[in-house]
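Thanks, everyone. I'll keep this short. Please have a look at the structure first.

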Amino acid sequence: MSMEYYNTRELQGKQSNDPYFIDKMSKSSSSLSSSSLSASSPSPSPSSRDSRLVVCVPGPVIVGAGPSGLAAAACLKLKGVPSVILERSHCIASLWKLKTYNRLRLHLPKQFCELPFMPFPNDFPTYPIKQQFIQYLEDYATKYDIRPQFNVTVASAEFDPTLGFWRVRTTGVKGDDETEYVCRWLIAATGENAEAVVPKLEGMTEFKGPIRHTSSYKSGEEFRGKKVLVVGCGNSGMEVCLDLCNHNARPSLVVRDTVHVLPREMLGKSTFGLSVWLLKWLPIRLVDRFLLVVSRLLLGNTSQLGLDRPKLGPLELKNLSGKTPVLDVGTLAKIKSGDIQVCPAIKRLKPHAIEFIDGRTEKFDAIILATGYRSNVPIWLKEGDMFSKEDGLPRRPFPNGWKGECGLYAVGFTKRGLLGTSMDAKRIAEDIERCWKAEAKHCSTPFNA
């Protein structure tokens, strides 16, 4: 057993000395393993598949050590509430560190991407690059002394109405080392981008070239001189196409739906920042009209390039569906010059070619799927009220999707980036602090951090 675990149990064992808690645990002992819940007794070791360690957590359990989990933990710590973060990977911000391409940078200005109570360094550019953002997150974890438990996968989390607590069951890297965390509050912080979305294409097993999701794409260098089809025209798909061009590949872009493409900056300001400012004074439809007029002047008619715009404006569409407009960083110029070809949806794959729905067939060497990510909450959270089983997102729309029943919370599911994450993290910390202080007043042995 690692020293990190014993240190965790020393903190968490305070709760097990509370008579009210012990009484509840004893009533539920038939469904738990024969592990000891006393902080003074030795930590048990599982002797069979049916036995597991039981850890009593005085504060919340946070699932996920990405920006959302870090923000929630920091806000709680500033309120005097301890927490335990469970992370399936071996590092914080695993999506950014392990599953993003090299040229990635923040699409929004840094002031809209800050986590609570810590701005970006002044010497960082307006749009920090991937390595700078990762360093910012590591510095954030260091500043607030956030130490997640790594290589821990949450198999299930379920509220026990008899016990009145959440029971979070986890496994180690190899599927062993089972542990059950018992806690009053549970915070889902795995976010909207937990699992890659890989569409099923007809003939997928027949295609002889590599088929890769953007989560495993790093650079266009390995595709130099090759003809590559990029499926998906969101921000990632557009930027991957540009990266392929810069490495002398020959990319084509599949556009299956309508899309809003806006310049990243207009009138000397970031498009996002300008939109936020205008929304303070004007209704959303007027702001949308303004953005589309300026975009037409700066970018031209994107429909002539095969990029038809939706009927709803970019901001209104974002509010209703969560679909983010593309902020152009140079891809449109490559489409206009012919360096990037725009293609319709795929009908089927052949061994060395792709047939499109318009009937034409072209040869390609590789396919990159810029088809996004989805939430994995329905896989591990045994709850059907707060989160939708279909998309794994809170059923209640922003800004009311952060709180559920029985001490369940969500952070990082707003479809409003890190700005929405920070808002939810602060709300969650304030709400739990009120419960924490109220329970401490009425408890014979309050669980103080």
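In which hand does α7 pass α8 in their crossing? Right-handed: that is how α7 crosses α8. Keep in mind that this is a predicted model.

Let me stay with that pair. Helix α7 covers residues 271-278, and helix α8 covers residues 284-299. Their axes come within 10 Å of each other. The crossing angle is roughly 150°. Anything over 145 counts as roughly antiparallel, so that is what α7 is to α8.

Who touches whom? From α7 we have Thr271, Leu274, Ser275 and Leu278. Across from them, α8 brings Val287, Phe290 and Leu291. By type, the residues of this contact divide into 5 nonpolar, 2 polar and no charged.

Now, which residues of α7 are buried? They are Thr271, Gly273, Leu274, Ser275 and Leu278. The buried residues of α7 pack against α8 and α9 (314-321). They also pack against four strands: β12 (261-263), β13 (265-266), β14 (269-270) and β15 (326-328).

Next, α8 and α9. Their axes are 7 Å apart, and the packing angle is about 125°. These two helices are therefore oblique to each other. On the α8 side, the contact uses Ile284, Arg285, Val287, Asp288, Leu291 and Leu292. On the α9 side, it uses Pro314, Leu315, Glu316 and Asn319.

What is the strand order? It runs β9-β20-β10-β11-β16. That is an open sheet of 5 strands, with parallel pairing. The edges are β9 (211-213) and β16 (341-343), and each pairs on one side only. On average, neighbouring strands are turned by 25° against each other, direction ignored.

Zoom in on one pairing. Strand β10, residues 227-231, runs parallel to strand β20, residues 366-369. How many bridges join them? There are 4. Within β20, Ile367 stands opposite Leu229.

Last item: what lies across β10, β11 and β20? Helix α6, residues 235-246. The helix runs at about 165° to β11, which spans 250-254.

Conventions
Residues are numbered from 1 along each chain as its sequence is written. This is a predicted model: local features need pLDDT of at least 70, side-chain atom pairs count only at pLDDT 80 or more; totals for chains, interfaces and linings use all residues. Side-chain values use heavy atoms; hydrogens and water are left out. Axes are lines fitted to C-alpha atoms, for helices over the stretch in contact, and angles run from 0 to 180 degrees between N-to-C directions. Angles under 35 degrees count as roughly parallel, over 145 as roughly antiparallel, 65 to 115 as roughly perpendicular and the rest as oblique. A crossing is left-handed if the near helix is turned anticlockwise from the far one by less than a right angle, and right-handed if clockwise. Contact means heavy atoms within 4.5 Å. Ala, Val, Leu, Ile, Met, Phe, Trp, Tyr, Cys and Pro count as nonpolar, Asp, Glu, Lys and Arg as charged, and the others, Gly among them, as polar. Two strands pair if DSSP finds at least two bridges between them. Buried means under 20% relative accessible area, exposed over 50%, partly exposed in between (1.4 Å probe, protein chains only).
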